[in-house]
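Good morning, and thank you for coming.

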Amino acid sequence: MSRKLWLSTVTVAIALLAVFAGSGVAKSGATGGTLTVDLANDIDYTDPALDYLSTGWEIEYATCLKLMNYPDANGPKGGQLQPEAAAGFPKVSNSGKTYDFTVKAGFTKFSNGSPVTAANFKAAFDRNADPKMQSPSLPFFSDVVGSSKSPVSGVKVKGSHLIINLTKAAPDFLARVAMPFFCAIPTNLPHDPNGVLAPASAGPYYISDRVPNKSITIKKNPNYKGKRPHNVDQINYVIGNPLQASYLRVQQGASDYAAQGIPPASYAEAAQKYGVNKGQFWVKPQLGVTYLAFNHDRALFKGAKGTALAKAINYAIDRKAMLAQGGYLAGKRTDQVLPPGMAGFRDANLYPLKGPDIATAKKWAAKAGVSDGTGVELYTSNRGSAPLVAQIIQFNLKQIGLN
């Protein structure tokens, strides 16, 4: 799991993947047994149409079967799309607006025993589009013809073929299709806006039970014969233990994995005690960026003055101090949107990384017309280093007149 660090489009740092695993975890290649995972906070949903949280998506990646998916690998290799339920890459025609997938998923069935066909992928689009569902997936297929209504007219099934028609060419469409929102679902899965707690799935695992704010149980899909890792028989998520308690539970062997991390201040202690990447404390690069998102629908960030204010904030924030709150090996500071290792990355050297440049920030704030005491609102998490990072941002912005 990811160490919830700090990065940003506005500011910030390239996160590292840090996993703390207990001595009870099976050796690589071993099979069977149960993995116990601690979650400090519950996920939002276990329904692929509604789940939009990183911890929930980790479960979706273990349970979902998708047309296209990413390899189970770290680094750049893990970012290269490959066919999963599709027999190969789709045939693209109509000037890049029509995608024809051949669905060939004989290596698996749903956990309830039903086969996987092209219709199961169309069902996902139709269910996501149902206004009753209020799915956060809608912006990610708004360019599919008829996406505003269910069933979606731009998604057709012809035998083993799933044909998707777009309103315009979209080079990122395959990446979007690989999101858990669009994984195969049973055609009769209820359209419940509260979400289905334990939907049948066709990936390596399936959710057998969920008690909100208490536990999630994932079991190996007995019908899955594919190549994706599915070594342990069962994964039990225990929800509600604070980070410090999870740290102690893992060390005592009561839990195998602190999925949402340990207290930021404890990372250095864990590294010294167990070593890095030697069996219990793991640090692996992650292609991820944590960022500050400006709301350009608010008057403060609109137009040329809003752009000037965004630049002022980028110069004002202290990336070094922000990252330090994440603890030892928390990540790297950056001023880029794309992390190193991702295709297209270029170190443009846009903003200061060693500390704030308040003088330059004030110049841009003046161009933005900021008067002393101008109010801004920041929403943040209440877990890990987030509250401390928010305090640093609050202090930095006060230096340029933002309250």
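Helices here are DSSP runs of H or I with at least four residues, strands are DSSP runs of E with at least two, and both are numbered from the N terminus. This is a predicted model, in which local features need pLDDT of at least 70 and side-chain atom pairs count only at pLDDT 80 or more, while totals for chains, interfaces and linings use all residues. Residues are numbered from 1 along each chain as its sequence is written, and side-chain values use heavy atoms, with hydrogens and water left out.

Let me start in the loops. Asparagine 277 sits in the loop between helix 5 (267-274) and strand 13 (281-290). What is the phi of asparagine 277? The angle is near 60 degrees, a positive value in a residue other than glycine. Leucine 329, in the loop between helix 7 (319-324) and strand 14 (331-334), likewise has a phi near 60 degrees, again positive in a residue that is not glycine. For background, most residues other than glycine have a negative phi, and most peptide bonds are trans. In this model, the peptide bond from serine 150 to proline 151 is cis, with omega near 0 degrees. Proline 151 belongs to the loop between helix 2 and strand 7.

A word on accessibility is needed here. With a 1.4 Å probe and protein chains only, a residue is buried under 20% relative accessible area, exposed over 50%, and partly exposed in between. Asparagine 277 counts as partly exposed because its relative accessibility is 30%. Leucine 329, at 28% relative accessible area, is partly exposed. Asparagine 231, in the loop between strand 10 (215-220) and strand 11 (234-239), is partly exposed at 33%.

I turn next to salt bridges. A salt bridge is a side-chain nitrogen of Lys or Arg within 4 Å of a carboxyl oxygen of Asp or Glu. How many salt bridges does this rule give? The count comes to 8. One of them joins the side chains of arginine 249 and aspartate 38, at 2.7 Å from N to O. This pair links distant parts of the chain, with arginine 249 in helix 4 (residues 243-252) and aspartate 38 in strand 2 (residues 34-39), 211 residues apart. Are arginine 249 and aspartate 38 buried or exposed? Both are buried.

Another salt bridge brings arginine 176 together with aspartate 143, at 2.8 Å from N to O. Here too distant parts of the chain are linked: arginine 176 is in helix 3 (residues 173-177), and aspartate 143 is in the loop between helix 2 (118-129) and strand 7 (155-158), 33 residues away. Arginine 176 and aspartate 143 are both buried. Arginine 176 also meets aspartate 172 in a salt bridge, at 3.1 Å from N to O. Through shared partners, salt bridges join Asp143, Asp172 and Arg176 into one network. Within it, arginine 176 counts as buried because its relative accessibility is 10%, whereas aspartate 172 is partly exposed at 41%.

Helix 2 also contains lysine 122, which is buried, with a relative accessible area of 18%. Contact here means heavy atoms within 4.5 Å. Leaving aside neighbours within four places in sequence, lysine 122 is in contact with Pro151, Val152, Val155, Val157 and Leu162. The C-alpha atoms of lysine 122 and valine 157 are separated by 7.3 Å, although the two residues are 35 apart along the chain.

Finally, a residue in helix 9. Asparagine 396 is located in helix 9 (residues 386-398), and it counts as buried because its relative accessibility is 5%. Not counting residues up to four places away in sequence, asparagine 396 touches Ala316, Ile317, Asp318 and Ile358. Among these, Ala316 in helix 6 and Ile358 in helix 8 also take part in the contact of those two helices. Thank you for your attention; I welcome your comments.
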